[in-house]
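The sequence and structure come first, and the entries follow.

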Amino acid sequence: MSDLAARPANPVVGVPMPHESAAMHSTGTAMYTDDLAARTAGVLTAWPVQSVQAHAHVLLDVRPALDVPGVVRVLTAADVPGINDAGVKHDEPLFPSEAMFHGHALAWVLGETAEAARLGAAAVTVEYTTLPSIITVAEAIAAGSFQGISPNVQRGDPAAALATAPHVFEGVTEVGGQEHFYLETHASLAHVDSEGQVFVECSTQHPSETQEIVAHVLGVPSHRVTVQALRMGGGFGGKEMQPHGFAAIASLGATLTGRPVRLRLNRTQDLTMTGKRHPFHVEWKAGFDDDGRILALDATLTSDGGWSLDLSEPVLGRALLHVDNAYFIPDFAAHGRIAKTNKTSQTAFRGFGGPQGMHVIEDVLGRAAPALGIDAATLRERNLYEPGQSTPYGQPVRHAERLRRIWNELRQLSDFDARRAEIAAFNAAHPDEKRALAITPVKFGISFTLTAYNQAGALVHVYKDGSVLVNHGGTEMGQGLHTKMLQVAATALGLPIEAVRLAPTRTDKVPNTSATAASSGADLNGGAVKAACEQIRARLAEVAAGLLEVDARDVSFAGGRVSGPGSSDRSYSFAEIVQAAYHQRVQLWAAGFYRTEGLAWDTKRMQGTPFKYFAYGAAASEVEVDGFTGAYRTRRVDIVHDVGDSLSPLVDLGQIEGGFVQGAGWLTLEELRWDETDGPGRGRLLTQSASTYKLPSFAELPDVFNVHLVEHAAEDGAVYGSKAVGEPPLMLAFSVREAIREAVAAFAPAGHCVDLRSPATPEAVFMAIREARQAGSASSVAGATGETTESDAATARSTREPLVASDT
């Protein structure tokens, strides 16, 4: 076991404990960015002037706003002293002359109150010169409207393999986007201090990049801007790139007026102005042998990037790297492209393209299983990676045997086979309700695919009384990162966790940090915190060795005591050793740094080793579907998930449960709709609130929810043997969608291939049930006349004639 992964005796990591802010969260005393505005004197509020057209040249007259009582200033492009751009690709003007989507912020009004700013924004007159707009991916494909790079991943010769495969299926898969719907909307609070420094409190997952964007908008060096992220009320990727422009607006307003400026989007503004998970349109062709093993896959993935690039390129890249999910595909090609549409600029969302990529192969297998006459669970198991095999991009799948171990353990824990027999009996006795139990795996790569991002820093202070303050570059968005870092620091220094405190994340404490994203927060920042603590501990060990009259290598730190080897009862408190070190002028603070080793990724060739390791898991979900309405409920979910040797088991359980539910929401409930007509509202988001956008709630939780962490699975080379847990559990929710598919198939004759739209809303399920029943009716009529039905043909097909299927 490496030094990074090894654990001392009785470590604080691995101990189940509540979230470090749990009591404040539950009592409402936890402070968030906009809460600070209420404590700030003289604060102004920023309010956007939003476009009411999807694409148009705009001409603004802001003078009427200045006549509104309480309006202090209107910010426009003429006020920008630096670069009028809110992104890193220089394609996101902060103050645009061309509205690129319905809801685009064209100018910002600063008011003494939110009401004054709102009325001022309403008073601004906007003259529109309407331009052609593209709203759907289909329109973008037809118009050739694309942006950014078009990467490809290829292994072997899929065209040749498909030409000789015994069974070939082709189809179109579409998967919708998803709204982050974090509890706390985007918020920033900026002020300029007495020395001219711009200080920004921001709800951001990437403080360093927020700092960079604010600096280039203001035309000042980064050392003149400090960004602090206290805590976020959720992020899910939506606050990785998109807070930057809002922080820049608040900072520009504070610089120009000399007063603090707050910017907090209300829910409708947040929904209509900010990016979502990328919808994907995928055309695919897959080949199988007679035993159901995948021989080849050729797929073209088109993502809907919206009006600007944002993070669309790396999202697409990760999607291409996850099309295989947990399955070995010998001959493989995945082609990617990004559609440019007149919608919000789509952005990072938990999984970062990985879920959309995995959706492709899970949909292929779900559709092909009935046509091959093979049970879907058997088909999936038959294609799982084996030891020694590599991904299509050339990375060996290390610990591939763990996939089958997890699969077998889950089947046993969920009583899979016996329950399936019970479900078959239930379905035979209930013509209008059907149940199904499906199982799906997850293999998710952990690391940023941009290799440079795989680094982190930390600053640890030990004070003379023995208390410890930890600064690190990761941000806390409710996921428990700070809790894990407290446990890491306490373990590394041999202290009780009460002796350690986490400071808010600030760019003037730890610079040049990566986003808290890619499920890498604990790996990267934990490595940096541990490195800093070990420097301090090594210095203290020399001091203690002198007092204990032992070799420094034999000094141990545990439970707040420092002692020597053997059974000697001589020991000192940690604080006593710290005091002695101070008087000996020993440095009591350290900067830690961590970089992920073993990465070698060629972004142009899309080949190499982009990931440190893979996180594995599997879920078995049982659903019941109502044949009259398409409504369904999740009766039971069993999960076996690999988190290595957990840093904080309660936190990880919460992440697994929450990620699964969020994934189920994306796949079965949450449907974004835009006005696609040619009327005056074209391009307007129609699902602008919780009343029109369906989020999973307690009612959608499974009746029985069992989560089991894989045991004896320490990951060598990761901090204290742990593994990432933020994103991988979301993809476990494919088991719910596939269970719904199998339940719908129970309304049809054997061999019927169910085309299930994503999200599989009750309406979509009802339509699929109607098609299934029609197939059954056709089968009955054909049986009476001796004809062969399409379903019969699909079951018996052994030629290479394609089975065409599409999601619409």
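**Entry 1: helix H11**

How many residues does helix H11 have, and how far does the helix reach from its first C-alpha to its last? I found that H11 (residues 354–372) has 19 residues and reaches 27 Å, close to the 27 Å expected at 1.5 Å a residue. The expected span is 1.5 Å times one less than the number of residues. Helices (H or I, at least four residues) and strands (E, at least two) are DSSP runs, numbered from the N terminus.

I note that this is a predicted model, in which local features need pLDDT of at least 70 and side-chain atom pairs count only at pLDDT 80 or more, while totals for chains, interfaces and linings use all residues. Residues are numbered from 1 along each chain as its sequence is written, and side-chain values use heavy atoms, with hydrogens and water left out.

I then looked up burial, where buried means under 20% relative accessible area, exposed over 50%, and partly exposed in between (1.4 Å probe, protein chains only). In H11, 18 of the 19 residues are buried, so the helix is largely enclosed by the rest of the structure. Glycine 373 follows H11 and has a positive phi, near 70°.

**Entry 2: H11 beside H19**

How do H11 and H19 cross? Their axes come within 11 Å and cross at roughly 25°; axes are lines fitted to C-alpha atoms, for helices over the stretch in contact, and angles run from 0 to 180 degrees between N-to-C directions. H11 and H19 are therefore roughly parallel to each other. Angles under 35 degrees count as roughly parallel, over 145 as roughly antiparallel, 65 to 115 as roughly perpendicular and the rest as oblique.

I recorded the crossing of H11 and H19 as right-handed. A crossing is right-handed if the near helix is turned clockwise from the far one by less than a right angle, and left-handed if anticlockwise. Contact means heavy atoms within 4.5 Å. On the H11 side I listed Pro355, Met358, His359, Glu362, Asp363, Gly366 and Arg367, which meet Phe734, Arg737, Glu738 and Arg741 in H19.

**Entry 3: H15 beside H16**

I looked up a second pair, helix H15 (residues 481–493) and helix H16 (residues 521–548), whose axes come within 9 Å and cross at roughly 25°. That angle makes H15 roughly parallel to H16. The crossing of H15 and H16 is right-handed. Among the residues making the contact are Leu481, Met485 and Val488 of H15, together with Gly521, Asn525 and Val529 of H16.

**Entry 4: H13 and H14**

Which residues of H13 are buried? I found Arg402, Leu403, Ile406, Trp407, Leu410 and Arg411. They pack against H12, H14, E17, E28 and E29. The 13 residues of H13 should span 18 Å at 1.5 Å a residue, and the end C-alpha atoms are 18 Å apart, which agrees. Aspartate 415, with a positive phi near 55°, follows H13.

For helix H14 (residues 416–429), the 14 residues should span 20 Å, and the end C-alpha atoms are 20 Å apart, which agrees. Its buried residues are Phe416, Arg419, Arg420, Ile423, Phe426 and Asn427. Seen down the axis of H14, these fall within an arc of 120°, so they line one face of the helix; the arc is that of the directions from the helix axis to the C-beta atoms. On the other side, Asp417, Glu422, Ala428 and Ala429 are exposed. The cover over the buried residues of H14 includes helix H13 (401–413), strand E17 (433–446) and helix H19 (734–745).

Is aspartate 310 buried or exposed? At 4% relative accessibility, aspartate 310 counts as buried. Aspartate 310 is in the loop between strand E15 (294–304) and H10, and has a positive phi of about 50° although it is not a glycine.

Asparagine 512 likewise is not a glycine, yet its phi is positive, about 55°. I located asparagine 512 in the loop between strand E21 (505–506) and H16, where it is exposed, with a relative accessible area of 62%.

Proline 314 lies in helix H10 (residues 312–321) and is partly exposed, at 27%. For proline 759, in the loop between H19 and helix H20 (762–785), I noted that the peptide bond from serine 758 is cis, with omega near 5°.
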